[in-house]
Amino acid sequence: MIAMIAMIAEHSLVVLDADPPHEKLTRGDVGTVVHVYKGGRGYEVEFVDGGGQTVALVTVGSDDVRPIKAGELLHTRKTA
């Protein structure tokens, strides 16, 4: 039996739901999917600060992020 991968669309907001793949990231950070790999097996995700500057651009597996849900509140923190 082949497992179905729930694909997240490009430009979707996602939550980092794994150990951070970059020193400036923390579990729970919100980023934007900028590329989808192999039908949703992986994603290129951009994390930006409040001024729109890229903090990190990382490739993650499908188990490392999840779609943001209605009712979840975004918050801020300093990165530097």
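The model is predicted, so keep its thresholds in mind: local features need pLDDT of at least 70, side-chain atom pairs count only at pLDDT 80 or more, and totals for chains, interfaces and linings use all residues. Residues are numbered from 1 along each chain as its sequence is written, and side-chain values use heavy atoms, with hydrogens and water left out. In brief, the chain has zero helices and five strands, and its largest pocket holds about 650 Å³ of space.

**Overall shape**

- Read from the N terminus, the elements run β-β-β-β-β; helices (H or I, at least four residues) and strands (E, at least two) are DSSP runs, numbered from the N terminus.
- The radius of gyration is 13 Å, close to the 12 Å that the globule rule gives for 80 residues, so the chain is as compact as a globular protein of that length. That radius is taken over C-alpha atoms, and the globule rule is 2.2 Å times the number of residues to the power 0.38.
- Along its principal axes, the C-alpha trace spans about 45 × 25 × 20 Å.
- Of the 80 residues, 26% count as buried (buried is under 20% relative accessible area, exposed over 50%, partly exposed in between, with a 1.4 Å probe and protein chains only).

**The sheet**

- Five strands make an open sheet in the order S4-S3-S2-S1-S5, with antiparallel pairing; two strands pair if DSSP finds at least two bridges between them.
- Strand S4 (54-61) and strand S5 (65-67) sit at the edges with a single partner strand each, so one side of each has no neighbour in the sheet.
- On average, neighbouring strands are turned by 40 degrees against each other, direction ignored. The axes here are lines fitted to C-alpha atoms, for helices over the stretch in contact, and angles run from 0 to 180 degrees between N-to-C directions.

**Strand partners**

- Seven bridges link S3 and S4 in the antiparallel sense. Glutamate 44 has threonine 59 in S4 as its bridge partner, and valine 45 has valine 58 in S4.
- S3 and S4 also form a hairpin with five residues between them, and glycine 52 in the turn has a positive phi of about 85 degrees.
- S1 and S2 run antiparallel and are joined by three bridges; leucine 13 stands opposite threonine 32 in S2.
- S1 and S5 are likewise antiparallel, joined by three bridges, and valine 14 stands opposite proline 67 in S5.

**Residues worth a look**

- Most residues other than glycine have a negative phi, and most peptide bonds are trans.
- Histidine 11 has a positive phi of about 75 degrees although it is not a glycine. Histidine 11 lies in the segment before S1 and counts as exposed, at 64% relative accessibility.
- The C-alpha atoms of histidine 11 and valine 34 are 5.8 Å apart in space, with the two residues 23 apart in sequence.
- Lysine 38, not a glycine either, has a positive phi of about 45 degrees. Lysine 38 belongs to the loop between S2 and S3 and is exposed at 68% relative accessibility.
- Alanine 56, in strand S4, is buried, with a relative accessible area of 3%. The C-alpha atoms of alanine 56 and leucine 25 are separated by 7.6 Å, while the residues are 31 apart along the chain.

**The largest pocket**

- A pocket is found on a 1 Å grid over the protein atoms alone, as an open set of points where a 1.4 Å probe fits, with protein on both sides within 12 Å along at least five of seven lines; lining residues have an atom within 4 Å of a point. Grid points are joined across faces, edges and corners, and the volume is the space filled by probe spheres set on the points.
- The lining has 27 residues, of which Asp29, Val30, Val48, His75 and Thr76 lie nearest the centre of the pocket.
- Strand S1 (13-16), strand S2 (30-37) and strand S3 (42-48) each supply at least two residues of this lining.
- By type, the lining divides into 11 nonpolar, eight polar and eight charged residues (Ala, Val, Leu, Ile, Met, Phe, Trp, Tyr, Cys and Pro count as nonpolar, Asp, Glu, Lys and Arg as charged, and the others, Gly among them, as polar).
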